[in-house]
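The sequence and structure are shown first.

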Amino acid sequence: MKDQNCGYCVGGEVLAKFGIPICDLDVSQLILFKEQSKPGRCIVAYKDHVSEIVDISDEERNRFFADVTRAARAIHKAFAPNKVNYGAYGDTGCHLHFHLVPKYEGQDEWGGVFQMNPDKTYLTEKEYEEMIEKIKACL
């Protein structure tokens with residue numbers, strides 16, 4: 001099931017406002033969050049347009065969390081954060097997804113909740129490509 005107004009469902013320009021597809025995982029898509037004040041920040045979005053974790057079967061949930069875990073391992077390997085924070089929001093988008101936000105001790109927001117979009121750090125196309133390749137190499 002897809003929602004034609006959802007960036008996770010339709011991709012393209014709607015997704016490009018905030019993210020860049022990295023690759024498909026088992027039951028989800030790995031997306032690089034364009035705002036990179038936390039180097040390596042990604043989103044794992046479930047393959048179908050469902051709102052809640054309770055809207056999928058136990059088997060699908062386990063596969064989704066395996067995808068989240070795989071992405072988190074790649075972020076740890078590629079960027080060596082002190083911690084990865086996980087956020088499952090979507091009050092307005094209503095598409096099951098997790099934000100994986102690497103946190104670095106001594107950096108702003110350490111010890112607190114990450115901002116949804118600090119709107120501080122954007123990269124060049126080449127830098128995004130290099131970051132994506134680094135993540136893919138660690139998957």
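The model is predicted, so local features need pLDDT of at least 70 and side-chain atom pairs count only at pLDDT 80 or more, while totals for chains, interfaces and linings use all residues. Residues are numbered from 1 along each chain as its sequence is written, and side-chain values use heavy atoms, with hydrogens and water left out.

Buried means under 20% relative accessible area, exposed over 50%, and partly exposed in between, with a 1.4 Å probe and protein chains only. Beyond four places in sequence, Ile22 touches Leu30, Ile31, Leu32, Cys42, Ile132, Ile135 and Lys136, where contact means heavy atoms within 4.5 Å.

**Helix pair**

The axes of α3 and α4 are 8 Å apart and meet at an angle of about 115°; axes are lines fitted to C-alpha atoms over the stretch in contact, and angles run from 0 to 180 degrees between N-to-C directions. Ala74, Lys77, Ala78 and Phe79 of α3 face Met131, Lys134, Ile135 and Cys138 of α4 in this contact.

**Salt bridges**

A salt bridge is a side-chain nitrogen of Lys or Arg within 4 Å of a carboxyl oxygen of Asp or Glu, and by this rule there are seven. Three of them are listed below.

| Pair | N to O distance |
|---|---|
| Arg63 and Asp26 | 2.8 Å |
| Glu109 and Lys38 | 3.3 Å |
| Arg61 and Asp58 | 3.0 Å |

Arg63 lies in α3 and Asp26 in the loop between β1 and β2, so this pair ties together parts that are 37 residues apart in sequence. Glu109 and Lys38 are both buried. By contrast, Arg61 is partly exposed at 28% relative accessible area, and Asp58 is exposed at 51%.

Lys103, in strand β5, is buried yet has no salt bridge. The nearest side chain of opposite charge (Lys and Arg count as positive, Asp and Glu as negative; His and the chain ends are not counted) is that of Glu109, 5.0 Å away.

Terms used
Helices (H or I, at least four residues) and strands (E, at least two) are DSSP runs, numbered from the N terminus.
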